[in-house]
Each structure stands twice: as C-alpha cells, then as structure tokens.
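Student: Please take me through this structure feature by feature, with the general idea before each case.

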Amino acid sequence: MCIRDRTKEEVIHKLCREIRKVTELPDDFEESVLLRESYGPTDFGNLAAIPHPCRMMTRETIIAVAVLKKEILWSTQKVQVVVLTALSEEEGDDIRKFYDVTASFLMNKEAVRSLIAEPDYENLKRQLRAINGQLEKK
C-alpha cells in the first residue's frame, strides 16, 4: 500500500484500519502498537521501521507493508517503508525464517529502494524471494 500520511501515528492508524478490513484485531491493538513506540524506536535506518504491539495479541501472524509517498521522521530516523507486524501467539519454525528474511530485506539498501521506486505487491514478493534465495545459499 502506498500512503501519504505525515506522522507515524497516522501511518499506524491507517495500517491498522486496513488490516481490520481483512481480519479481526483486538480492540486495543493500535493502542498497543503506539504504546510500544513510546518504549523505544522501531526505526533503524535504511528508510525502514517495524512497528509492532507490546505483546502477542493475534491468533495468526499479520504483516502489513506500506510505502510512504515521502519520507517522514519516525522516531530518530527518516522512514519510507513501514512493516507492521503482529506475531501469532503460536510460534512456529517459520517465525525465525520470517525474521531473517524481513531483517535482511530491510537492511538491503537496493531492495528497499526498489520497493520505494515500484511500491506494489509483486515487487515486494520479488525482493523477498531474492533475499530468501541469498540466505539459503549461505
């Protein structure tokens, strides 16, 4: 999703609203994400942030990705790619792989810039597959 919001609170609100269109979220989900943001930054450079709730709150793992039209100051860094995550209460082996691929993707300047230049789902899938392939070769 490509959005024009100007603050992290607006971005988080919009992502939560979009998630609610396709699946159920606890009533206090957005509040928990904003509370987690108050504990410490979820931006880490390379124009990326990974906001998430304070605790596991969902039965299924949920991931929502937004590419912002313009960079915004998140906490300490400028951000243009936001990956809102809510991990399932039931962890599996796939969670470790998810973390590895997501972290590697968001730290890869070329992959992030490609997504910003072409902010659509197919490009995101291509970038994640490429990162996954690189990790499997190691």
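Student: Through how many residues does a hairpin join S4 to S5?

Tutor: Some conventions come before the count. This is a predicted model, where local features need pLDDT of at least 70, side-chain atom pairs count only at pLDDT 80 or more, and totals for chains, interfaces and linings use all residues. Residues are numbered from 1 along each chain as its sequence is written, and side-chain values use heavy atoms, with hydrogens and water left out. Helices (H or I, at least four residues) and strands (E, at least two) are DSSP runs numbered from the N terminus. Here the hairpin from S4 to S5 passes through 4 residues.

Student: Which way do S4 and S5 run, and how many bridges join them?

Tutor: Two strands pair if DSSP finds at least two bridges between them. S4 (residues 62-73) and S5 run antiparallel, joined by 8 bridges. One of the partners in S5 is Val82, which is bridged to Ala66.

Student: How does S3 run relative to S5?

Tutor: Strand S3 (residues 48-49) is parallel to S5, with 2 bridges between them.

Student: Is S5 mostly covered or mostly open?

Tutor: Buried means under 20% relative accessible area, exposed over 50%, and partly exposed in between (1.4 Å probe, protein chains only). In S5 (residues 78-86), 8 of the 9 residues are buried.

Student: Is Ser32 buried or exposed, and what is it in contact with beyond its sequence neighbours?

Tutor: Contact means heavy atoms within 4.5 Å. Ser32, a residue of helix H2 (residues 29-39), has a relative accessible area of 4% and is therefore buried. Neighbours within four places in sequence aside, Ser32 touches His52, Pro53, Cys54, Arg55 and Met57.

Student: At what angle do H4 and H5 cross?

Tutor: Axes are lines fitted to C-alpha atoms, for helices over the stretch in contact, and angles run from 0 to 180 degrees between N-to-C directions. The axes of H4 (residues 109-117) and H5 (residues 121-137) cross at roughly 170 degrees and come within 9 Å. Ala111, Ser114 and Leu115 of H4 meet Asn123, Leu124 and Gln127 of H5.

Student: How is an aromatic pair read, and which residues form one here?

Tutor: A pair of aromatic rings is described by the distance of the centres and the angle of the planes. Rings of Phe, Tyr and Trp (its six-membered ring) pair if their centres lie within 6.5 Å; planes under 30 degrees apart count as stacked, over 60 as edge-to-face and the rest as tilted. The structure has 1 such pair. Phe98 and Tyr99 form it, tilted, at 5.7 Å centre to centre with 55 degrees between the planes. Phe98 is buried at 17% relative accessibility, whereas Tyr99 is partly exposed at 41%.
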